[in-house]
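Here is a short briefing for a reader who is meeting this structure for the first time.

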Amino acid sequence: MEAVKAGHQVAHHTFAHLRLSNTTSEVLREDTATLKKKFDSLLGKSPTYFRAPYVGHQISKEHADVLAAFDVKNIIGWSISTEDWKEARAYLHFIFAFFLTSFFKYSR
Ligand SMILES: [Zn+2]
């Protein structure tokens with residue numbers, strides 16, 4: 001919460017740190033609904049940016065559509081792993097945009 005108050009961007013990184021190449025749209029929908037509830041209760045708002053867990057993953061159109069239904073329309077691309085999976089428990093997991101090396105906006 002201090003990071004948000006300081007003006008940092010907080011993004012969706014999945015609630016359960018999903019490997020999207022093995023994740024159905026329905027699982028991503030349920031995961032995002034859970035994440036949205038947590039963000040809404042903690043911060044009073046939900047993230048509009050998303051960065052997929054695990055390096056090198058390309059998000060599918062189906063996954064982007066699921067995210068867009070939750071107003072998550074800014075998909076972040078990246079090429080450097082923070083190796084957050086080595087330490088962080090997925091449910092405590094937040095990623096800030098300043099770790100990211102590149103992004104593009106998913107325009108609709
Ligand atoms: Zn991660």
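Which residues are buried in H2? In H2, the buried residues are Leu28, Thr32 and Leu35, where buried means that 20 or more other C-beta atoms, placed from the backbone, lie within 10 Å of a residue's own, exposed means 12 or fewer, and partly exposed means in between. Seen down the axis of H2, these buried residues fall within an arc of 65°, so they line one face of the helix, the arc being that of the directions from the helix axis to the C-beta atoms.

This is a predicted model, in which local features need pLDDT of at least 70 and side-chain atom pairs count only at pLDDT 80 or more, while totals for chains, interfaces and linings use all residues. Residues are numbered from 1 along each chain as its sequence is written.

**Helix H2 and its surroundings**
- Exposed residues, namely Glu26, Lys37, Lys38, Asp40 and Ser41, are carried on the face of H2 turned away from its buried side.
- Helix H3 (61–69) is included in what covers the buried residues of H2.
- After H2 comes Gly44, which has a positive phi, near 80°.

**The chain as a whole**
- There are three helices and four strands in the chain, taken as DSSP runs (helices H or I, at least four residues; strands E, at least two) and numbered from the N terminus.
- The order of the elements, from the N terminus on, is α-β-α-β-α-β-β.
- Of the 108 residues in the chain, 21% are buried.
- Among contacts between residues at least 6 apart in sequence, 74% join residues at least 24 apart, a contact being two residues whose C-beta atoms, placed from the backbone, lie within 7 Å.
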